[in-house]
Amino acid sequence: MRHDPTMGEQAQDWTRRDVLGLLPTLGLVACAGTRSAEPLKFWAMSYEGDYSPMLMPAFTAATGIAVDVQSLPATASHEKLLTAQAGGAMPDVLMLYNGWVQEFATIGAIAPVPSPALVADMFPGVLDATRVQGRDFAVPWSVAPQAQFYRRDILTRAGYSAPAEDWDGWLRMGHAIKRQRPDDFVFMLLLNWPDTLITMLGQTGATMLRDHDTRGNFQTTEAKAAFAYYARLFAEGLAPKALSTEIQDPVAAFAQGYFAIWPTGPTTLLDLHRRAAEIPAERWGTARLAGPHGLGAVSGLSTSLCVSASTSRPTKAWALVRHLSSPASELRYQRLIGNLPARLSAWSSPQLRAPILAPFKEQMRFPTAAPKVIEWERIKLEIQFAAERVVRNVQTIPEALAGLDSRVDQLLAKRRALVEAGTLA
């Protein structure tokens, strides 16, 4: 089991009274001693799916509602959910990555949130990512913004007490570290991890789609600036031209000083805590990511909870969503998997007061806004492929961005036809 890297076991565990308190709000009439004949079905991915069963006993004990949890492999979950929707076999409650909410709402797979109270206590930027045409279709749940993990000892030897906060400063700091450690790299920016580049595009103000989000818009000054800066980090030897398959244990690489700066999410806190023998806590810290002119917005992987539009038990399904997204459940998840609570009220807990978490909390207030189109996940891959071609000197930036616009236009062809026909706003 994973353990909390922060301050002790200040858990707010769900009690029988806590869970029963959600039932009148949603109109659920149930006897705590009577089990439902058929369990609710809940599907989730990654660590959320693996550890969700640990959140169910309190809910079942108080409501009599059993829950059957299925953990889906992240790489196959999108296709499995679409197949389930087409075949009328959706679970009652499902986890979606925030980038998928638009798609599943558009195809009628998920129901709108029935009560404003379910989403009344969320970080505004996180909540906005799940809204479709002004309506809430998901309850934010597990948030993983990027911050930069850094080696305190390596930065100190290069004359820095903390990472630089702007792009020019990042470069100067990078070269200062490189002079001290010429055989190592500075930044861990693996070529098949797109979040850092997506963050850079957002920080320059790049509007990645145009014409009502029906065409690519990457041949702009802002997009060129983000690509140029990203490519420069590789061209100047500050980051390796490598994929994650070539650096299979990034924690070990960070511990050995192969990198000094690692932009990544909060689950890394648990990895580093678990491997403290390799890299003691005093050797590393966290800080907000640098931006073009100072600290700015970042990309990150966030997930939300949704209820199937076809469930025959919507009241019970929403009761489960309320339980899973409660501060107590979110805090337990933070101890188990490292991802952070989307509810503002959860952050008053002593559990989240550790200084190492402060940069993540601040970044949650400044998320980059991704285009709300069904094709966004595919577009992200095309962005990263284009960047890799630039980094490996296969194409120039103008060539890569022109090709990117062309491929994105192809991905958006169906959406463009619907908008032009007036059937999609």
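**Close-up views of a predicted model**

View 1. Three strands make up an open sheet, in which the order is S10-S7-S11 and the pairing is antiparallel. The edges of this sheet are formed by strand S10 (261-264) and strand S11 (284-287), each of which pairs on one side only. If direction is ignored, neighbouring strands of the sheet are turned by 25 degrees against each other on average.

**View 2. The pairing of strand S7 with strand S10.** Strand S7, which covers residues 147-151, is joined to S10 by 4 bridges, and the two strands run antiparallel. Within this part of the model, the reader can find phenylalanine 149, which stands opposite tryptophan 262 in S10.

**View 3. Helix H3 and the glycine just after it.** Helix H3 consists of residues 56-63, and its buried residues are Met56, Phe59, Thr60, Ala62 and Thr63. Just after the helix comes glycine 64, whose phi is positive, at about 75 degrees.

**View 4. The crossing of helices H10 and H17.** Helix H10 (residues 221-235) and helix H17 (residues 397-411) have axes that come within 11 Å and that cross at roughly 125 degrees. On the side of H10, the contact is made by Ala223, Lys224, Phe227 and Ala228, while H17 contributes Ile397, Leu401 and Leu404.

**View 5. The crossing of helices H9 and H16.** The axes of helix H9, residues 195-203, and of helix H16, residues 376-391, come within 10 Å and cross at roughly 95 degrees. The two helices, H9 and H16, are therefore roughly perpendicular to each other. Their contact is made by Asp195, Leu197, Ile198 and Leu201 of H9, together with Trp376, Lys380, Ile383, Gln384 and Ala387 of H16. Among the residues that form the contact of H9 with H16, 6 are nonpolar, 1 is polar and 2 are charged.

Technical notes: Residues numbered from 1 in each chain as written. Predicted model: local features only at pLDDT ≥ 70, side-chain atom pairs only at ≥ 80, totals over all residues. Heavy atoms only, no water. Buried < 20%, exposed > 50% of the residue type's maximum accessible area, 1.4 Å probe, protein only. Pairing = 2+ DSSP bridges. Axes fitted to C-alpha atoms, helices over the stretch in contact; angles between N-to-C directions. Contact = heavy atoms within 4.5 Å. Parallel < 35°, antiparallel > 145°, perpendicular 65-115°, else oblique. Nonpolar A, V, L, I, M, F, W, Y, C, P; charged D, E, K, R; others polar.
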